[in-house]
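The points are grouped by topic.

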Amino acid sequence: MLKSLFVYGVLGVMLIPVKSKRMTVCVEDDEELRVDCLIEPKPNKINTYQFSWSIGPRQETINTNVSGESANNLFKDKSRVEELEPVGYRMTLSDFRDKLSDNTTFLCKISGQGENITVQKDNILSCSAVSLLLKNSWSWMVYLLLFFYHTHS
């Protein structure tokens with residue numbers, strides 16, 4: 001019984017999220033870059049979004065619906081944004097590979113709330129369900145390992 005209590009205690013601690021991932025970057029099967037920004041907008045406000053990237057000291061807007069702002073001409077007709085349910089926006093960018101640096105920081109703002117993520121050009125994951133599961137769900141894998149350990153001991 002003490003062993004079971006220990007295993008479930010370790011499991012409970014490991015499943016507590018340290019920080020939620022509110023932004024992900026991946027490459028779709030058709031070689032388009034996908035940036036998901038899962039920030040919950042403020043209630044009773046018109047939702048605005050802005051996607052940009054920072055390469056060194058230079059920050060460029062990729063797509064936005066913010067009044068008075070506009071996307072860099074480099075990205076005209078190469079990006080699109082769709083609203084996600086229940087919260088957030090997804091930006092898809094085509095023809096991007098030659099524009100990325102070794103380390104590129106992607107930024108998103110939804111209704112004034114911002115998030116960013118830095119990715120390495122050669123290490124951007126595929127958007128397939130398997131790679132995203134492996135990237136974001138290490139705690140579930142640990143849970144399964146502990147479950148099998150507990151049931152077979």
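A polar contact is a pair of N or O atoms within 3.5 Å; within protein, one must be able to donate a hydrogen and the other to accept it. In this predicted model, the side chains of Arg80 and Glu32 are joined by such a contact, at 3.0 Å.

- Arg80 belongs to strand S5, which covers residues 79-83.
- The relative accessible area of Arg80 is 44%, so the residue is classed as partly exposed.
- Apart from neighbours within four places in sequence, the residues in contact with Arg80 are Glu32, Asn63, Arg90, Met91 and Thr92.
- Between Arg80 and Thr64 the C-alpha to C-alpha distance is 9.5 Å, with a separation of 16 residues in sequence.

**The open sheet**

- Strands of a sheet pair through backbone hydrogen bonds, either parallel or antiparallel.
- Here an open sheet is formed by four strands in the order S1-S2-S6-S5, and their pairing is antiparallel.
- S1 and S5 are the edge strands, each of which pairs on one side only.
- From one strand to the next, the twist averages 15°.
- S5 is joined by five bridges to strand S6 (residues 89-93), and the two run antiparallel.
- Within this pairing, Val81 has Met91 in S6 as its bridge partner.

- Strand S1 (residues 23-27) is largely enclosed by the rest of the structure, because five of its five residues are buried.
- Met23, Val25 and Val27 point one way from S1, while Thr24 and Cys26 point the other way; all are buried.
- Five bridges connect S1 with strand S2 (residues 33-37), and these strands run antiparallel.
- The bridge partner of Cys26 in S2 is Arg34.
- S1 and S2 make a hairpin with five residues between them, and Glu31 in the turn has a positive phi of about 70°.

**Aromatic pairs**

- A pair of aromatic rings is described by the distance of the centres and the angle of the planes.
- The count of aromatic pairs comes to four.
- Trp53 and Phe75 form an edge-to-face pair, 5.2 Å centre to centre with 85° between the planes.
- Trp53 lies in strand S3 (residues 49-55) and Phe75 in the loop between strand S4 (58-64) and S5, so this pair ties together parts that are 22 residues apart in sequence.
- Both Trp53 and Phe75 are buried.
- Trp53 also forms an edge-to-face pair with Phe106, at 5.7 Å centre to centre and 70° between the planes.
- This second pair links distant parts of the chain, as Trp53 is in strand S3 and Phe106 in strand S7 (residues 103-110), 53 residues apart.
- Trp53 and Phe106 are both buried.
- One aromatic cluster is formed by Tyr49, Phe51 and Tyr89.

**The nonpolar core**

- In soluble globular proteins, nonpolar side chains tend to be buried together.
- The largest nonpolar core in this model has 24 residues, and those with the most contacts inside it are Val25, Leu33, Val35, Phe51, Trp53, Leu93 and Phe106.
- At least two residues of this core come from each of S1, S2, S3, S6, S7 and strand S8 (113-120).
- S3 gives the most to the core, with four residues.
- Not counting residues up to four places away in sequence, Val35 touches Met23, Thr24, Val25, Phe51, Tyr89, Arg90, Met91 and Phe106.

Technical notes. Residues numbered from 1 in each chain as written. Predicted model: local features only at pLDDT ≥ 70, side-chain atom pairs only at ≥ 80, totals over all residues. Heavy atoms only, no water. Buried < 20%, exposed > 50% of the residue type's maximum accessible area, 1.4 Å probe, protein only. Pairing = 2+ DSSP bridges. Contact = heavy atoms within 4.5 Å. Axes fitted to C-alpha atoms, helices over the stretch in contact; angles between N-to-C directions. Phe/Tyr/Trp six-rings, centres within 6.5 Å; stacked < 30°, edge-to-face > 60°. Core = buried A, V, L, I, M, F, W, Y, C linked by side-chain atoms within 4.5 Å.
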